Amino acid sequence: MEDTDAPSQASRHWVVYDIGGDRRHLAEGRSSKARTEDLPHGFNDFGNLHYDGPDQHPGGKPHTYRFRLAALGIANLPIGPEPDALVVWQAARENMLGEAELIGTYG
């Protein structure tokens, strides 16, 4: 998940990877600052290994958030433990079969 309206550049709030092909959903009701089940997480742009949800400044304009999901031709990305979000996405792009995107506005 990334904020495409961040002041300097896209700000990545969350990255989860190596999600099995048999999985049909992620658990609902997980709060911000929580890890998602037992899935591996990478460092987001806040330096955290968990989901940091949208956070609009008082009086600020709405922000656009992009969620991307990649279908890969491999079961596990060839990356070390706890990589940053950019490393995860770069490795995913090298092994990508398809991509889906959901865009939403918060604020």
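**A first look around**

Reply: One place to start is Glu82, which is partly exposed, with a relative accessible area of 43%. This is a predicted model, by the way.

Me: Where does Glu82 sit in the chain?

Reply: Glu82 belongs to the loop between strand 3 and helix 1, and that helix covers residues 85-94.

Me: What is phi of Glu82 near?

Reply: Phi of Glu82 is near 55 degrees, which is a positive value in a residue other than glycine. Most residues other than glycine have a negative phi.

Me: What about phi of Asp18?

Reply: Asp18 also has a positive phi without being glycine, and the value is near 55 degrees. Asp18 is in the loop between strand 2 and strand 3. With 23% relative accessibility, Asp18 counts as partly exposed. The cut-off for buried is under 20%, so Asp18 at 23% does not count as buried.

Me: Let me back up. How many helices and strands are in the chain?

Reply: The chain has 1 helix and 4 strands. Going along the sequence, the pattern is β-β-β-α-β.

Me: And what size of box do the C-alpha atoms fill?

Reply: Along the principal axes, the C-alpha atoms fill a box of roughly 45 × 25 × 25 Å.

Me: How much of the chain counts as buried?

Reply: Of the 107 residues, 28% count as buried. The chain exposes about 6,900 Å², and carbon and sulfur atoms supply 51% of that area.

Me: Asp52, then: buried or exposed?

Reply: Asp52 has a relative accessible area of 6%, so this residue is buried. Asp52 lies in the loop between strand 2 (11-12) and strand 3 (63-72).

Me: What does the side chain of Asp52 make a polar contact with?

Reply: The partner is the side chain of Asn48, at 2.8 Å.

Me: Which loop is Gly20 found in?

Reply: Gly20 is in the loop between strand 2 and strand 3. At a relative accessible area of 36%, Gly20 is partly exposed.

Me: Changing topic: how many positive and negative side chains does the chain have?

Reply: There are 10 positive and 16 negative side chains. The centres of the two sets lie 2 Å apart.

Me: Back to the strands. Where is Leu97 found?

Reply: Leu97 is in strand 4, which takes in residues 96-106. Leu97 has a relative accessible area of 67%, so this residue is exposed.

Me: What is Leu97 in contact with, leaving aside its neighbours within four places in sequence?

Reply: Leu97 is in contact with Ala71, Leu72 and Gly73. For Leu97 and Ala71, the C-alpha atoms are 5.4 Å apart in space, while the residues are 26 apart in sequence.

Me: Over the chain, what share of contacts join residues at least 24 apart?

Reply: The share is 61%, taken among contacts between residues at least 6 apart in sequence.

Technical notes
Residues numbered from 1 in each chain as written. Predicted model: local features only at pLDDT ≥ 70, side-chain atom pairs only at ≥ 80, totals over all residues. Heavy atoms only, no water. Helix = DSSP H or I, 4+ residues; strand = E, 2+ residues; numbered from the N terminus. Buried < 20%, exposed > 50% of the residue type's maximum accessible area, 1.4 Å probe, protein only. Contact = heavy atoms within 4.5 Å. Areas by Shrake-Rupley, 256 points an atom, 1.4 Å probe, with all protein chains shown as cover. Lys, Arg positive; Asp, Glu negative; His and termini not counted. Charge placed at Lys NZ, Arg CZ, Asp CG, Glu CD. Polar contact = N/O pair within 3.5 Å; in protein donor to acceptor, adjacent residues only side chain to side chain.
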